[in-house]
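Here is a structure to look at, with a few questions about how its parts come by their descriptions. Each answer sets a value against a definition.

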Amino acid sequence: MSKIAVLTSGGDSPGMNAAVMSVARSAALLDMPLIGIKRGFNGLIGKYPKPEDNYVELSLDLLLDIADLPGTYLRTARCPEFAEEEYQKKGADFLRSLDVQGLVVIGGDGSFHGAQALCRQGIACIGIPGTIDNDLGYTEMSLGFDTAVNVCVEAIRAIRATSRSHDRPHVVEVMGRNCGDIALTAAQSTGCEIVVVPEIKNWEIGDVARRLKNLIERGNTRATVVVAEGAWRTMADFDYVSYLKERGIKGVYEGQRINAVNFAKVLQEMASETDTSVRATVVGYTQRGHAPTARDGAFAFEAGAMAVNLLKHGISNQVIGVRNGRTFHMPIDTALNAKPHFNRRMFNMVNAL
């Protein structure tokens, strides 16, 4: 294999640039020219009229300063068209027109499906897991997860300090659309008293309120409730708008989805006998926009080097991950069939103590 390409796809995650840099260094060591595909699979199908918006020739000089930068230099975007075989073939033909024989795909579940499709079109592909949610079942960690957790830990520690000063419980919403690993790990790391995750189906606000009320009555007036953003979808039906309106709470409207602020209002009303004010903070996209931690940076370095080495030796249709603390690779289809593991024991422990 004489020429390869790399792209970042799906949601951006800290460490993507570090992984691209590692791919570039490894490719340079093997005298393999490297092409950077811009904006995920969109660049492969020539979605943008200017060629420079679709791909760029990558050199070490160009990439020297990006390894520690947050975000992704190659940009990222979702590409629903790539689910169709017509566009998969178009992407493969585009790579062949550039004399590219192998591709490194950095992204999550959807990105790996795209890599799998390109393999069927005759393009050798290796996947690197880049998603802060850590929702890929085959690997212990994905690129960006450790950084996202550390951002949340820093935010929660600061919030708990001011909560303690004012005797106010706090709701903290973190990312995690289908997976509560960020919320659970951040709660474990900071001593939070309650965590709510999407893996628990039909959880009830009343249960959370009762636990919070019990904590307050025991003297814990700065208890912290960590909620993964995806948990709103798995919540049991509850007409929170009517509940708050009946109690004279303003700022809520029919059809409005529940959020951290209104969740805090409900908890405050349900625990009203304790005369405690409950506040809320959404950590948000700061979880994506930080420079990678040492752990994410080291994994990016190993994964990028392994990806290039696999392609050089003609090995394809593989994804890279971490098992028992060590970097390894396995077939894409096997990885995609692995179900994410939810640590129910730790979830129960956080909510019990």
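Predicted model: local features only at pLDDT ≥ 70, side-chain atom pairs only at ≥ 80, totals over all residues.

Q: Why is α8 called a helix, and what span is expected of it?
A: A helix is a DSSP run of H or I with at least four residues, a strand a run of E with at least two, numbered from the N terminus; α8, residues 205–217, has 13 residues. The expected span is 1.5 Å times one less than the number of residues, and α8 reaches 18 Å from its first C-alpha to its last, close to the 18 Å expected.

Q: Which residues of α8 are called buried, and what do they pack against?
A: Buried means under 20% relative accessible area (exposed over 50%, partly exposed in between; 1.4 Å probe, protein chains only), and the buried residues of α8 include Val208, Ala209 and Leu212. The buried residues pack against β7, β8 and α10, where contact means heavy atoms within 4.5 Å.

Q: Why are β7 and β9 said to stand at the edges?
A: Two strands pair if DSSP finds at least two bridges between them, and 4 strands form an open, parallel sheet in the order β7-β8-β6-β9. β7 and β9 each have a single partner strand, so one side of each is left without a neighbour in the sheet.

How values were computed. Residues numbered from 1 in each chain as written. Heavy atoms only, no water.
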